Amino acid sequence: MWKQKEIRLKPRRRGFHLITDEILQQFPEIQGCRVGMIWIFIKHTSASLTINEDADPTVRQDFESHFNQMVPENMPYYKHDYEGSDDMPAHLKASILGSTLSIPVTDGRLNMGTWQGIYLCEHRNHAGPRNLVLTLQGD
Amino acid sequence: MWKQKEIRLKPRRRGFHLITDEILQQFPEIQGCRVGMIWIFIKHTSASLTINEDADPTVRQDFESHFNQMVPENMPYYKHDYEGSDDMPAHLKASILGSTLSIPVTDGRLNMGTWQGIYLCEHRNHAGPRNLVLTLQGD
Amino acid sequence: MWKQKEIRLKPRRRGFHLITDEILQQFPEIQGCRVGMIWIFIKHTSASLTINEDADPTVRQDFESHFNQMVPENMPYYKHDYEGSDDMPAHLKASILGSTLSIPVTDGRLNMGTWQGIYLCEHRNHAGPRNLVLTLQGD
């Protein structure tokens, strides 16, 4: 069984955002899968996806702070700067975090840990909507 | 053919640990797969998985040193600090390294390079056991 | 349907290189897949794969500059140094970027965004050819 769907996430401000519920609502086919995998792919080079702690919102704030420190704007060696000072750091952050999540599915549920949630990592100051390709395969 | 199994790794000290043999021992189903993929997913937000050099143990020591330098403890901008100074860096390191490995399987073996091994990356000072979901699919 | 193939990329200089076209040429089986996934795995610990902006070559130059700053050579805490000053940073960069790409396939095409391309990230100064395992599964 293959299920594939493209969904669009509404624009969000720069930062790290929990989107687990939105994924589940837009892809109810997960509930029909006894054993399998889901892949979530983001079709952009200045936003990314990761899995991390979903309970305390300060974790997501600290992600934004630390990634800004680890990948600063306006570094003298950046050549790709004509789309704004947030653009090249956005590309770098996107590759550090990655563009695909691969999550096991068991008995109709994402088989993640108790505290794991799916983050949309928005690295641009003024981004548009973001498109994801969701692919589910299983029995 | 889908095979899925949850395994528990014993607690390990903070650092990077080779777990290739343990994965193979706990999942002998790999030997029956001619062509396919295996996904190894860690159900935690303060430990992660990566693939790297499995021969020289100093590589794993240097991983611990460098990740501590790249993601330091006690940064003034951390707000999520009530679980200890190692906690927020652990979340950040986990997302930088990632929570899933995707490895091709060929003729009953993990089709990795000669020097590649699977690391458990333990980012907490006093962690408990860590749970992995292993999913194999193939012919 | 499973298709798996090992390909060899010619040696490239240290830096970030677009290889999307080479992947497509060496794996025409993608064109026969209506819905599925492709996994691209690199069998090395000092080179890696990522997806990022494929239009402006300065993005790839900035990747090289920034990764050299974020993972410097000759850090006093490196113990694994007998293969040259570029070796331990290469291992670290490889794990930060990752060894597998997972990309959805739709109607015979890689279902990536308009500006997304596949990068080979060569972290060594004098590398040999690099081997990839390409695995496609779908209908």
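Here are the questions and answers.

User: Before we start, what kind of model is this, and how do the numbers and letters work?

Analyst: Residues are numbered from 1 along each chain as its sequence is written, chains are lettered from A and ligands numbered from 1 in the order in which they are written, and side-chain values use heavy atoms, with hydrogens and water left out. Local features need pLDDT of at least 70, side-chain atom pairs count only at pLDDT 80 or more, and totals for chains, interfaces and linings use all residues, since this is a predicted model.

User: How many residues of chain C are in contact with chain A?

Analyst: Contact here means heavy atoms within 4.5 Å. By that rule, 30 residues of chain A are touched from the chain C side, and the number on chain C is 34.

User: What area is buried between chain C and chain A?

Analyst: Interface size is often given as the accessible area lost when the parts come together. Buried area is that loss for two parts (1.4 Å probe), summed over both. Carbon and sulfur atoms give 59% of it here, and the total is about 2,600 Å².

User: Which three residues of chain C lose the most area to chain A?

Analyst: Together they make up 21% of what that side buries. The trio is C:Asp62, C:His66 and C:Gln116.

User: Which element gives the most to the side of chain C that touches chain A?

Analyst: Elements are DSSP runs numbered from the N terminus: helices (H or I, at least four residues) and strands (E, at least two). Those giving two or more residues are β3 (35-42), β4 (47-53), α2 (57-70), α3 (87-97), β5 (100-106) and β8 (130-138) of chain C. With 10 residues, the top contributor is α2(C).

User: How many charged residues are on that side of chain C, and how many salt bridges does the chain C and chain A pair have?

Analyst: For the classes, Ala, Val, Leu, Ile, Met, Phe, Trp, Tyr, Cys and Pro count as nonpolar, Asp, Glu, Lys and Arg as charged, and the others, Gly among them, as polar. The side of chain C that touches chain A has 15 nonpolar and 15 polar residues, plus four charged. A salt bridge needs a side-chain nitrogen of Lys or Arg within 4 Å of a carboxyl oxygen of Asp or Glu. For chain C and chain A, the salt bridge count is zero.

User: What is the N to O distance in the salt bridge of B:Arg130 and B:Glu122, and are the two buried or exposed?

Analyst: Buried means under 20% relative accessible area, exposed over 50%, and partly exposed in between (1.4 Å probe, protein chains only). B:Arg130 is buried at 7%, and B:Glu122 is buried at 1%. Their side chains meet, N to O, at 2.8 Å.

User: How many residues apart in sequence are the parts that C:Lys43 and C:Glu6 tie together?

Analyst: The side chains of C:Lys43 and C:Glu6 meet in a salt bridge of 3.0 Å, N to O. C:Lys43 counts as buried at 16%, whereas C:Glu6 is partly exposed at 45%. C:Lys43 sits in the loop between β3 and β4 of chain C and C:Glu6 in strand β1 of chain C, so the pair links parts separated in sequence by 37 residues.

User: Which side chain of opposite charge is nearest to A:Lys93?

Analyst: A:Lys93 is found in helix α3 (residues 87-97) of chain A. Lys and Arg count as positive and Asp and Glu as negative, with His and the chain ends not counted. A:Lys93 is buried yet has no salt bridge, and at 4.8 Å the nearest opposite charge is on A:Glu64.
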